[in-house]
Amino acid sequence: MARIISLLFCLLLGFTTISARAADPATAAPTPAEVSAKKLNNRYLPENEVKQITIDNQPYDLLVRPWEGKKKLGAAIILPATNGTADAPGLMAFVRRNINPAGWASLSLTPPTELPAANFATAATEVTSPGAAQLSSPSNKPSPKIKPEDNSKHLQEQEDFLVQSMSQLDAVGADYVGKRILITADQSAGLLISLLSQKKIADPDVLIVINPYREDEKLNQALAEQLAKLTLPILDIQSPDGHPASLETAANRKILAVTLKSPNYRQTSLALNLDNESAWQNCLNAIKGFSARMSGAQ
């Protein structure tokens with residue numbers, strides 16, 4: 001009997017403690033911003049490498065690595081592919097960690113997100129119903145992932161996110177005076193080319209784009225002309241395993257640059273896929289050489 005009473009007392013004490021903690025604001029469930037800030041203290045990266053910028057009252061990672069060695073040429077702003085992180089594994093993380101000995105500090109941004117793929121569900125009662133104009137897109141083209149109005153809204157949100165991100169770099173990168181090179185890939189590259197062509201962000205001293213593309217076909221076809229009309233030095237790196245939309249416009253990007261007599265445009269085709277670490281080193285070598293030469297920061 002005594003054991004039963006003791007057990008009941010322990011259970012009662014436990015429930016009382018839980019209730020007290022739930023009522024205590026200090027132990028209430030954290031907000032998304034608090035969760036994000038807390039994660040920064042538990043990272044695998046050195047604490048002094050992780051900074052934050054705030055966009056729409058939410059914190060986002062900005063990873064900073066200083067110069068290494070005697071050269072102090074400026075800063076490389078790195079924007080990984082959409083839906084990634086500031087330390088996205090692969091080529092961009094490799095460049096972020098290995099460009100510093102060449103005299104460039106690295107400032108790596110959190111990229112914007114993509115809309116989730118649409119969930120095309122059919123109600124059970126409609127399965128056997130005859131359809132009318134069910135296929136609104138050609139049979140040889142992929143079905144659109146989202147509604148056009150949702151796509152336009154999200155593209156605007158992505159652009160606003162990048163404009164706000166870039167506007168906060170001056171304060172963080174103030175310690176790294178010198179030239180600015182902008183390195184970006186995939187859809188992020190397509191977005192930045194569009195922003196630069198619209199003069200929504202300031203031109204860097206050098207632009208490096210890797211497998212640039214836009215998922216929307218019309219925007220993707222416009223990308224080649226936008227890129228060719230930019231007046232800053234551009235290194236356009238294309239890998240054989242780039243997105244099909246990037247491979248589709250690669251030849252036209254180069255042709256237009258020659259036609260419009262863009263003197264500072266150069267396209268480099270990699271022999272290896274970007275899942276090969278040797279290709280990462282080849283990319284880095286091309287980036288370092290082109291950036292130092294075209295920025296005059298040797």
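**Entry 1: ground rules**

I call a residue buried under 20% relative accessible area, exposed over 50% and partly exposed in between, with a 1.4 Å probe and protein chains only. I am working on a predicted model, where local features need pLDDT of at least 70, side-chain atom pairs count only at pLDDT 80 or more, and totals for chains, interfaces and linings use all residues. Residues are numbered from 1 along each chain as its sequence is written, and side-chain values use heavy atoms, with hydrogens and water left out.

**Entry 2: the whole chain**

I looked up the elements and found nine helices and eight strands in the protein chain. Helices (H or I, at least four residues) and strands (E, at least two) are DSSP runs, numbered from the N terminus. Of the 298 residues, 40% count as buried. The accessible surface comes to about 17,100 Å², and carbon and sulfur atoms hold 56% of that surface. Those areas are from the Shrake-Rupley method with a 1.4 Å probe; for residues, only the protein chains shown count as cover.

Next I checked contacts, meaning heavy atoms within 4.5 Å. Among contacts with a separation of 6 or more, 77% are between residues 24 or more positions apart.

I went to β1 and β2, which run antiparallel and are joined by six bridges. Two strands pair if DSSP finds at least two bridges between them. Across this pairing, Gln 52 stands opposite Asp 61 in β2.

The hairpin has two residues between the strands, and Asp 56 takes a positive phi near 50 degrees there. Asn 57 lies in the loop between β1 and β2, and has a positive phi of about 65 degrees although it is not a glycine. With a relative accessible area of 69%, Asn 57 is exposed.

I noted another asparagine of this kind: Asn 83, not a glycine, has a positive phi of about 70 degrees. Asn 83 sits in the loop between β3 and α3 and is partly exposed, at 49% relative accessible area.

**Entry 3: aromatic pairs**

I then searched for ring pairs. Rings of Phe, Tyr and Trp (its six-membered ring) pair if their centres lie within 6.5 Å; planes under 30 degrees apart count as stacked, over 60 as edge-to-face and the rest as tilted. The count comes to three aromatic pairs.

One of them joins Tyr 60 and Phe 161 edge-to-face, at 5.0 Å centre to centre with 85 degrees between the planes. Tyr 60 lies in strand β2 (residues 58-65) and Phe 161 in helix α4 (residues 148-167), so the pair ties together parts 101 residues apart in sequence. Tyr 60 is partly exposed at 27%, and Phe 161 counts as buried at 11%.

Trp 67 and Tyr 176 form an edge-to-face pair too, 5.2 Å centre to centre with 90 degrees between the planes. Trp 67 lies in the loop between β2 and β3 (74-79) and Tyr 176 in the loop between α5 (169-172) and β5 (179-185), so this pair ties together parts 109 residues apart in sequence. Both Trp 67 and Tyr 176 are buried.

**Entry 4: two covered helices**

How much of α6 is enclosed? Ten of its twelve residues are buried, so α6 is largely enclosed by the rest of the structure. Among the buried ones are Gln 187, Gly 190, Ile 193 and Leu 196. I checked its length as well: at 1.5 Å a residue, the twelve residues of α6 (residues 186-197) should span 16 Å, and the end C-alpha atoms are 17 Å apart, which agrees. The expected span is 1.5 Å times one less than the number of residues. Just after α6, Lys 199 takes a positive phi of about 60 degrees.

Helix α3 (residues 91-98) is mostly covered, with six of its eight residues buried. Arg 96 is one of those buried residues, as is Phe 94. The buried residues of α3 pack against β2, β3, β4, β5, β6 and α9 (277-295).

**Entry 5: nonpolar cores**

A nonpolar core is a set of buried Ala, Val, Leu, Ile, Met, Phe, Trp, Tyr and Cys residues joined through side-chain atoms within 4.5 Å. The largest has 33 residues, and Leu 109, Leu 207 and Ile 234 have the most contacts inside it. Elements giving two or more residues to this core include β1 (50-55), β4 (104-109), β6 (206-210) and α7 (217-229). The largest share, six residues, comes from α6.
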